[in-house]
Amino acid sequence: MIDLHIHILPGIDDGAQSWDDAVEMAEMAAESGVDTVAATVHSNLPGKPDPREAALYLKQLKEFRKILEEEKISLTVLPGMEIFAGEEFLKRLQKGQLLSLNQTRYVLMEFPMDVPAAEIYRVLFETTEAGYLPVLAHPERYFCVQKVPAHVYEWYQMGIVIQINKGSILGRFGKKVQRTADSLLRHKIVTVAASDAHSPYIRTPDMVELKEVLRENYGESVRQRLLTENPRRILRGEKTLRTNPVPYDYS
């Protein structure tokens, strides 16, 4: 399996708080069957524009890889950021101050939970027009999607990569989020599932339960596509596997 969204590098965001946390998260991920992660960190946060973000991140990534090698933990860690889609993020991305997923055109993007749907449409369009391939992080948690899941159907039709969280599928963010995640899965408009892990204690990188739930409720082919095949294709900069989505019927 591949975990495309995990906050495992310490000292940068609200994810791992120490190297011990990071190592424990790596061990947990590997033991649950994950062989590769994109070490995504929160970046471009409001009020915190820092041109050194990428440089600090790459320094921590290099150190983490060294530690994993010393500890003999078999986990490939690739670069990436969860970029807050605020003002100037495209310019910062183009300047190399922010990082795409493994140096591809795929960009993991997040919005405020209360973002209007119109703002997501606008930013996704601008991002694709700039030549990037948006990976929309956890749309099931956005209030506008919980009200109108059909927005995600339209974004999927635009070619946007839809990434949902382990915790959403398992009900860790409440019933409303879980119902929304289930709706997106049943309408076949999810491209990738990831842990969005932040620690070895809460919101962990253990993927065993997610793997089993996806297989039991949605089928083995869905599990394989969401946890292995599409994440691998994204990290290689290749086209993702897409299914024929089921439209929402509000008649």
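Colleague: Buried means under 20% relative accessible area, exposed means over 50%, and partly exposed is in between. Which class does Arg233 fall in?

Modeller: Keep in mind that this is a predicted model. In it, Arg233 has a relative accessible area of 23%, so it counts as partly exposed.

Colleague: What does the side chain of Arg233 meet in a salt bridge?

Modeller: The side chain of Glu229. The N to O distance is 2.8 Å. Glu229 is partly exposed too, at 21% relative accessibility.

Colleague: How many residues apart are Glu229 and Arg233?

Modeller: They are 4 residues apart in helix 10 (residues 220-235), so about one helical turn separates them.

Colleague: How many salt bridges does the structure hold?

Modeller: It holds 12. One of them pairs Lys91 with Glu88, at 3.9 Å from N to O. Glu88 is partly exposed, with 44% relative accessibility.

Colleague: And what about Glu209? Which residue does it form a salt bridge with?

Modeller: Arg172. The closest N and O atoms are 2.9 Å apart.

Colleague: Where in the chain do Glu209 and Arg172 lie?

Modeller: Glu209 is in helix 9 (residues 208-218). Arg172 is in the loop between helix 7 (166-169) and helix 8 (175-186). So the pair ties together parts that are 37 residues apart in sequence. Glu209 is partly exposed, with a relative accessible area of 39%.

Colleague: New topic. How many strands does the open sheet have, and in what order?

Modeller: It has 7 strands in the order 1-2-3-4-5-6-7, and the pairing is parallel.

Colleague: Which strands stand at the edges?

Modeller: Strand 1 (2-6) and strand 7 (192-194). Each has a single partner strand, so one side of each has no neighbour in the sheet.

Colleague: What does the twist average from one strand to the next?

Modeller: The average is 30°.

Colleague: How many bridges join strand 2 to strand 3?

Modeller: There are 8 bridges, and the two strands run parallel. Find Val41 in the model, and you will see Met81 of strand 3 opposite.

Colleague: How many bridges pair strand 3 with strand 4?

Modeller: Strand 3 (residues 76-84) and strand 4 (residues 106-110) share 3 bridges, again in the parallel sense. Phe84 has Glu110 of strand 4 as its bridge partner.

Colleague: Why is strand 3 described as largely enclosed by the rest of the structure?

Modeller: Because 8 of its 9 residues are buried.

Colleague: Now pockets. How much space lies in the largest pocket?

Modeller: About 280 Å³. Its lining has 17 residues. Tyr106, Leu133, Gly159, Lys239 and Thr240 lie nearest the centre.

Colleague: How many residues of that lining are nonpolar, polar and charged?

Modeller: The lining of the largest pocket has 7 nonpolar, 6 polar and 4 charged residues.

Colleague: And what volume does the second largest pocket have?

Modeller: About 220 Å³. This pocket is lined by 14 residues. Nearest its centre are Ile12, His42, Leu45, Lys48 and Glu53.

Colleague: Which elements give two or more residues to the lining of the second largest pocket?

Modeller: Strand 2 (36-43) and helix 2 (53-71).

Colleague: Last one. How does the lining of the second largest pocket split by class?

Modeller: It has 6 nonpolar, 3 polar and 5 charged residues.

Methods
Residues are numbered from 1 along each chain as its sequence is written. This is a predicted model: local features need pLDDT of at least 70, side-chain atom pairs count only at pLDDT 80 or more; totals for chains, interfaces and linings use all residues. Side-chain values use heavy atoms; hydrogens and water are left out. A salt bridge is a side-chain nitrogen of Lys or Arg within 4 Å of a carboxyl oxygen of Asp or Glu. Buried means under 20% relative accessible area, exposed over 50%, partly exposed in between (1.4 Å probe, protein chains only). On a 1 Å grid over the protein atoms alone, a cavity is a set of points where a 1.4 Å probe fits but cannot get out, and a pocket is an open set with protein on both sides within 12 Å along at least five of seven lines; lining residues have an atom within 4 Å of a point. Grid points are joined across faces, edges and corners, and a volume is the space filled by probe spheres set on the points. Ala, Val, Leu, Ile, Met, Phe, Trp, Tyr, Cys and Pro count as nonpolar, Asp, Glu, Lys and Arg as charged, and the others, Gly among them, as polar. Two strands pair if DSSP finds at least two bridges between them. Axes are lines fitted to C-alpha atoms, for helices over the stretch in contact, and angles run from 0 to 180 degrees between N-to-C directions.
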